[in-house]
Amino acid sequence: MTFAAPAAPLPDRFNAWFESRGWSPRSHQLEMVAAARSGQHALLIAPTGGGKTLAGFLPSLIALTERPPANTPRGIHTLYISPLKALAVDVERNLMIPIAEMGLDIVAESRTGDTGVARKQRQKLRPPDILLTTPEQLALFCAWEGARQYFEDLSCVIIDEVHAIWPSKRGDLLSLALARLQVFAPGLRRVGLSATVEDPDVIRRWLSPGPPSPAIETPSSPDRGLAVRLVRGPPGPLPQIDVLIADGRVPWAGHTAHHAMPDVYEVLKRHKTSLIFVNTRFQAEFAFQELWKINDDGLAIALHHGSLAAEQRRKVEAAMARGELRAVVCTSTLDLGIDWGDVDLVIQLAAPKGASRMVQRIGRANHRLDEPSRALFVPANRFEVLECEAAREAIAENAFDPEPAHVGALDILAQHIMGCAISESFDPLALFEELRTAGPYHDLAWEDFETVVEFVSSGGYALRTYDRFRRIVRGPDGQWRVRDAQTALRHRMNVGAILSPAVLSIRLAGRKGQPGRKIGEVEEGYLEMLEPGDTFIFAGGVWRLQGVTATDALVTPAPADDPKLPSWGGSKFALSTFLAAKVRRMMSDPAYWRDLPGDVREWLEIQQLRSRIPGPDQMLLETFNRGKRCFLVCYPFEGRLAHTTLAMLLTRRLDRLKVGPLGFVANDYALAIWSLKPMEDLDFSALFDQDMLGDDLEAWLDESFMMKRAFKGCALLSGLIERRMPGSEKSGRQVTFSTDLIFDVLRRHQPDHLLLRCARTDAASGMIDVARVGQMLTRIRGQILHSPLTQVSPFAVPLMLEIGRERVGGEAAEMMLAEAADELIAEAMT
Amino acid sequence: MSAATLKLGRFTASPCGGVAMSIHGQETVMRPSGALWLPETRTLVVADLHLEKGSAFAVRGQLLPPYDSAETLGRLEAETRATGARVVVLLGDSFHDARSEARMAASDGEAIRSLAVGRSLVWIVGNHDSEGPRSLPGDILDEMDLGALRLRHEPFAGLQPGEVAGHLHPCARLVGRGRAVRRRCFATDGQRLILPAFGAYAGGLNIRDRAYTGLFETPPLAIALGQGRAHPLAFGMLGDD
């Protein structure tokens, strides 16, 4: 770092406070103060427990104590943005400690969706010195007529957990709001607080307010990220990670680590408080259930995942804060969040999937800088053993998953532009320049901007029948403004970038079937595959589904029953490219196998004997016959999403080659396709040619349900469909059918419409991982290692075991209808 | 599919992908498009077009794609051509609201006028369009008798043998193999028939909803609309939403 600043001395009052606590200011805290004194934007990268939050606020606390008295009320000095409501409230509480102990004359208040109306009103009339809030609340501020005046005194904005928020649509919305604030308060200083990441420059560029004159092409301009000073906290000791091989055995297949539960339980007994991370909600329910089955000591083990009712999660968090729990089984809902000092062990049940997320999770244990965090990885199958070892190695090397590039989404831009028009009228050219100062929209093209404005105004349809219904209108002065107050109100009801799926309440069925006590909430999709009469696990109990009404799922307890397990889809997180490469390298090097558990080593050795072990850059492809079917199995190690996409596309090709593909199955490591005719003589380099990502992809994608789902999201975020209407809350379920109908009509009549473009982009990145497939096809060009076999190889076994548990995509819906009809006919004929 | 007999009557696959079945003694074909074909009188019946539903939302500031009327009329035209219908009956709620006709694009009005060329158009009124169209060709009726069938928009309460109606927008939900499929459907017990909505933006009401209580003597058969094929599904196989 070039800014080797002399540590700015703290005011006496602050020094005394540090002393009274028995602390001394850390170097990164002083450097943050120095950055503020020289008016620089700053990004602080530090592990949890390093006094990061205090480092972020310290400069503002000092500035606020040093400001001269004023006769008139002042605006907000510092705005703090957190991705979590709970975190904003928790930070407010923590911030009150130094303010109270030093007796500072500073008002700090939080404002979230839960803040009462009276307090919100007061905050608008008498702004606190420090306001702690969320990106959604900030977006609402930006769509308010008083925004410009309200923020004109703003001196500093602090974005917490910036690593978690920047590469998302919420990050897009936030960066647009920052651009707006910078216009209101040109001297505004931006501060980011981040966990350790592979490449801090990506976040610096996101955080930077961009070049002053964005409309001018500046291809060789110095990196905009350099305008943000990088401050690094002390790294802290490396975590201590063990891999648990229960009973010395590792199963062939599966994702639940069922075999390891007794060993995990023993580990829990030896620790004060453990966090047990899993990768899906189903896994969380399953692990919770299994642990309680063997909980002879009655340890306080709780459950925390996104499908549980909010109040239930709050209860668990509160019990955790009071130190009453011995373990919490949780999903990514606890990846971020408030500090719990007492956690002394983090257990990762099943595969880590990525190094960065792992570090984040492990960091939830032991929030003291000088002691190592402790973690235990529990692999659920043999491939996962390799993955766990790869993750352990990556963390020991302090290596992280590289961040994929992120370009600002146009549906979010539409939402923001609507908000701008509501706040005050805008000149298109000036707004365009403002938007391009936001990192994700740095390269926004004028044509796209115009398209989005037209969309916001009249829907952007080629058939220009809605000109008389424009939501924003252009005046004779060339300025755009909102049509009326009603339109403004409707927009404010729908601000935000979080898409909450339709939620059903799980309620006990009362007598005569009316809804009774509420047990929790689930996303609609959680129950989709169940029929009335089926049993399932939820919130740690076994229930029988009685029926579903518009808003409730009615259940009765079924404690003695064996729950019908929903399909185990493995992880929703894809194995990171970085970790996958590491796994391939470990696998290809027999010298490394010595350190692996016996049965995993044996598995690799037999694989070498019966088939082949691919080199680190090769892709192994096996063909064999089994029963009456011919199989093709390949091992790209690119994650389940990418493999599913690849399998869909390969199936289309094989169909054209008249091979008669019958079905496929994919997991995180490999995919298998089976057919009527043998495939060993195919030209594999032609089969895996990159041109697969051309027309085939387009044709398949447009038909796929992923597109419909993506379209629904874009339609909601862009304001085409409203989530909430004043006076009538629309349930997500009602929205479902209508967006599908709209999608079908729009696709046929205007396939290049803005929202279809947005949906294609979202589906290609988030839902089918096209970029990953593309990289993989490039990587394996000339590197396909074909191994024709007479029987199943050890590597292929896990996949073979998954066949039958998986459904085949494509025409499944039609097939289901046809089969149900045939069943009826068969019944009628007998 | 060969001829199959259920308690509620006899149905066979029709070459058009639809299901042929006798309703109250009258031969009918339930087409995969959601249209009903009455071969004896060469009559095509469609329900709940909800034309200009998109623009009805646009008036209130929600700018849904304005292509729904063209889409619906395009499918109706294709059905008319495919069947060679002499009579086209629009079974009510053909327009989404009383001002729909005024908002409709000129080209869509033209499409309706050409439908009326060489055949008769019958507008049965519904709750959304109780006056019927003002300037479009065709007869405007409250209800219509055709052989053993009585065509009206809203089903009357209780058993009504021979009644063919719309209004409810029936749809069926089938669960299995880890997923659920929800489709528009015809609903019939062989005595009366409720047509699915034909309009592009028309939603659906699950046939297990209590709105259907008392309409059928035996649990109705759902003829679900698939791609190029209509699928007869037993009521017992269907799920709630």
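Of the 830 residues in chain A, 57% are buried, meaning under 20% relative accessible area with a 1.4 Å probe and protein chains only (exposed is over 50%, partly exposed in between). Welcome to a predicted model, in which local features need pLDDT of at least 70, side-chain atom pairs count only at pLDDT 80 or more, and totals for chains, interfaces and linings use all residues. Residues are numbered from 1 along each chain as its sequence is written, chains are lettered from A and ligands numbered from 1 in the order written, and side-chain values use heavy atoms, without hydrogens and water.

**Overall build**
- Chain A has 32 helices and 27 strands, taken as DSSP runs (H or I, at least four residues; E, at least two) numbered from the N terminus.

**Cysteines**
- The whole structure holds zero disulfides, a disulfide being a pair of cysteine sulfur atoms within 2.5 Å.
- Cys156(A) has its closest cysteine sulfur in Cys142(A), 16 Å away and so too far for a bond; Cys156(A) is buried at 2% relative accessible area.
- For Cys420(A), the closest cysteine sulfur is also in Cys142(A), at 7.0 Å, again too far for a bond, and Cys420(A) is buried at 1%.

**A look at Arg772(A)**
- You will find Arg772(A) in helix α30, which covers residues 770–779 of chain A.
- With 7% relative accessibility, Arg772(A) is buried.
- Leaving aside residues up to four places away in sequence, Arg772(A) touches several residues, including Thr577(A), Phe637(A) and Glu638(A), where contact means heavy atoms within 4.5 Å.
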